[in-house]
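Below is a report on one protein chain. It covers the order of the elements, the helices, their packing and several single residues.

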Amino acid sequence: RSSDLPEDDCGNEKDEPRNVLVDQRIWSLKQCCDVFSSCVGKLKVESKDGDLIWNKDDEVAMDFVTAAANVRAHIFSIARKSRFDVKSMAGNIIPAIATTNAVIAGLIVMNAFKILDGRLDECQTTFLNRQPVANRLLS
């Protein structure tokens with residue numbers, strides 16, 4: 001029960017500067033649990049009409065993801081994030097997945113051409129690094 005949780009110093013509105021926007025506040029663990037519980041109820045009602053569709057501009061969805069991520073962060077002693085920070089990260093996930101899929105599809109096609117050309121010995125395992133390595137090209 002979230003009522004058994006202590007209010008921690010993170011998310012305490014009286015300690016925050018006046019100019020902090022609501023979305024930039026970091027919720028306490030109790031607030032995260034309360035928001036999570038509330039969102040689960042709201043999402044259950046929404047799901048009765050069919051499947052739920054992710055939209056980072058959907059307030060209930062963002063509250064749910066923020067609360068769930070912050071509860072998990074607390075469990076693993078990771079710093080909690082504001083709703084604003086979580087929304088920024090969520091906006092980058094889909095483009096990152098699309099980019100990764102495009103790179104992998106390109107590598108598969110390059111190897112498929114080698115197979116069709118009878119050059120099986122040239123097919124190799126490829127590793128992708130976050131940072132480019134000098135003098136290393138994909139071929």
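## Order of elements

From the N terminus on, the elements run α-α-α. The protein has 3 helices and 0 strands, where helices (H or I, at least four residues) and strands (E, at least two) are DSSP runs numbered from the N terminus.

The model is predicted: local features need pLDDT of at least 70 and side-chain atom pairs count only at pLDDT 80 or more, while totals for chains, interfaces and linings use all residues. Residues are numbered from 1 along each chain as its sequence is written, and side-chain values use heavy atoms, with hydrogens and water left out.

## Surface and contacts overall

Of the 139 residues of the protein, 18% count as buried. Buried means under 20% relative accessible area, exposed means over 50%, and partly exposed lies in between (1.4 Å probe, protein chains only). The accessible surface of the protein comes to about 10700 Å², by the Shrake-Rupley method with a 1.4 Å probe; for residues, only the protein chains shown count as cover. Carbon and sulfur atoms hold 57% of that surface.

A contact means heavy atoms within 4.5 Å. Among contacts between residues at least 6 apart in sequence, 52% join residues at least 24 apart.

## Helix α1 and its packing on α2

Two packed helices are described by the angle between their axes and the distance between the axes. Axes here are lines fitted to C-alpha atoms, for helices over the stretch in contact, and angles run from 0 to 180 degrees between N-to-C directions. Helix α1 covers residues 29–47 and packs on α2 at an angle of about 140°, the axes being 8 Å apart. The two helices are therefore oblique to each other; angles under 35 degrees count as roughly parallel, over 145 as roughly antiparallel, 65 to 115 as roughly perpendicular and the rest as oblique. On the α1 side the contact includes Leu29, Cys32, Cys33, Phe36 and Cys39, and on the α2 side it includes Phe64, Ala67, Asn70 and Val71.

Leu29 belongs to helix α1 and counts as buried, at 11% relative accessibility. Leu29 and Asn70 are 41 residues apart in sequence, with 7.5 Å between their C-alpha atoms.

## Helix α2

Helix α2 has 17 residues and reaches 24 Å from its first C-alpha to its last, close to the 24 Å expected at 1.5 Å a residue. The expected span of a helix is 1.5 Å times one less than its number of residues. Val60, Ala61, Met62, Asp63, Thr66, Ala67, Asn70 and Ala73 are buried in α2. These buried residues pack against α1 and α3.

The axes of α2 and α3 come within 10 Å and cross at roughly 100°. That makes α2 roughly perpendicular to α3. The contact is made by Glu59, Met62, Asp63, Val65 and Thr66 of α2 together with Arg83, Val86, Lys87 and Ala90 of α3.

## The loop between α2 and α3

Ser77 is placed in the loop between α2 and α3. Ser77 has a positive phi of about 55° although it is not a glycine. With a relative accessible area of 70%, Ser77 is exposed.

## Helix α3

Helix α3 takes in residues 83–116, and its 34 residues should span 50 Å at 1.5 Å a residue; the end C-alpha atoms are 50 Å apart, which agrees. Its buried residues are Arg83, Val86, Ala90, Leu107 and Lys114. Helix α2 (59–75) is included in what covers them. Just after α3, Gly118 takes a positive phi of about 75°.

Lys87 is found in helix α3 and is partly exposed, with a relative accessible area of 29%. Not counting residues up to four places away in sequence, Lys87 touches Lys56, Asp57 and Met62. The C-alpha atoms of Lys87 and Met62 are separated by 6.9 Å, and the two residues are 25 residues apart along the chain.

Thr100 also has its place in helix α3. At 43% relative accessibility, Thr100 counts as partly exposed. Thr100 and Leu128 are 28 residues apart in sequence and 9.7 Å apart in space, C-alpha to C-alpha.
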